[in-house]
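Hi,

Here is the model I promised to pass on.

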Amino acid sequence: ADSLKNIIRDPRVGLLFLVPGSGTTLRVNGRAHLSVDPNLCTSFAVEGKPARSVIVIEVEAVYFQCARAIVRSDLWNSERHVDPKSLPTPGQILAVTSAEKIDGAAYDRDWPARASKTMW
C-alpha cells in the first residue's frame, strides 16, 4: 500500500531487474499511474480473480545498469547466502519498530492464513 501511495505522490519510478546467476542488470525508468480499469484488471486475473488495481508504467528509458556491485558481492553464490533463520521475522521487526504495539508473535503466526486469503 505504501508503494501505491508513493506513486500517487510522485509518479517517477525506477525498476532494476536482476537475472539470477548473471551480473547483468536492466534498468527501466518512467512514470507510473494506478488503474482500476475493469478490462485491464481482468487481464491480470489469477485463479479467476481480477487484480484490484494495476500499476501502469510509461517507459522513458531502458538501459543496462553497471553491474559491478552485483558481481563483486558474489550475490548468486549460495555458499555466501545468509541463513534466513538467523534473521528476525517480520513480526519481530514490527514489534520492535512499533514499540511493542504490534504483537509480533501473533503477526507471524497468523501470516499464512492472511496470505492465503489475500494473495490472489
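This is a predicted model: local features need pLDDT of at least 70, side-chain atom pairs count only at pLDDT 80 or more; totals for chains, interfaces and linings use all residues.

Contact here means heavy atoms within 4.5 Å. With that in hand, and leaving aside neighbours within four places in sequence, Y63 is in contact with T25, L26, R27 and N29.

Residues are numbered from 1 along each chain as its sequence is written, and side-chain values use heavy atoms, with hydrogens and water left out.

Strands first. I take helices (H or I, at least four residues) and strands (E, at least two) as DSSP runs, numbered from the N terminus. Two strands pair if DSSP finds at least two bridges between them. Strand 1 and strand 2 are antiparallel partners, with seven bridges. Within that pairing, L16 has R27 as its bridge partner in strand 2, and V13 sits opposite G30 of strand 2. Six residues separate the strands in the hairpin of strand 1 and strand 2, where G21 takes a positive phi near 85°. Strand 2 also pairs with strand 3, again in the antiparallel sense, over eleven bridges. One example there is H33, whose bridge partner in strand 3 is V56.

Back to Y63, which belongs to strand 3 (residues 54–65). For accessibility I call a residue buried under 20% relative accessible area, exposed over 50%, and partly exposed in between (1.4 Å probe, protein chains only). Y63 counts as partly exposed because its relative accessibility is 35%. Its side chain makes a polar contact with the side chain of N29, at 3.3 Å. By polar contact I mean a pair of N or O atoms within 3.5 Å; within protein, one must be able to donate a hydrogen and the other to accept it, and residues adjacent in sequence count only if both atoms are side-chain atoms. Y63 and T89 are 26 residues apart in sequence, and their C-alpha atoms are 35 Å apart in space.

Is S35 buried or exposed? S35 is buried, because its relative accessible area is 13%. This serine is in strand 2 (residues 25–35). A polar atom of the S35 side chain lies 3.1 Å from the backbone nitrogen of D37. Apart from neighbours within four places in sequence, S35 has contacts with L40, C41, S53, V54 and V56.

Now the charges. How many salt bridges does a search of the whole structure find? There are four, a salt bridge being a side-chain nitrogen of Lys or Arg within 4 Å of a carboxyl oxygen of Asp or Glu. One of them joins R31 to E60, with the closest N and O atoms 3.4 Å apart. R31 lies in strand 2 and E60 in strand 3, so this pair ties together parts that are 29 residues apart in sequence. R31 is partly exposed at 36%, whereas E60 counts as exposed at 54%.

Another salt bridge links D74 and R80, whose closest N and O atoms are 4.0 Å apart. Here D74 is partly exposed (32%) and R80 is exposed (53%). R109 and D110 form a salt bridge as well, at 3.4 Å between the closest N and O atoms. R109 is exposed at 57%, and D110 is partly exposed at 35%.

Last, the surface. L16, L18, L75 and W76 make a nonpolar patch of about 330 Å². Patches are made of residues with over 30% relative accessible area and no salt bridge; like charges are joined within 9 Å, and nonpolar side chains (Val, Leu, Ile, Met, Phe, Trp, Tyr) within 5 Å. The accessible areas come from the Shrake-Rupley method with a 1.4 Å probe, and for residues only the protein chains shown count as cover. L16 itself is in strand 1 (residues 12–18) and is partly exposed, with a relative accessible area of 46%.

Cheers
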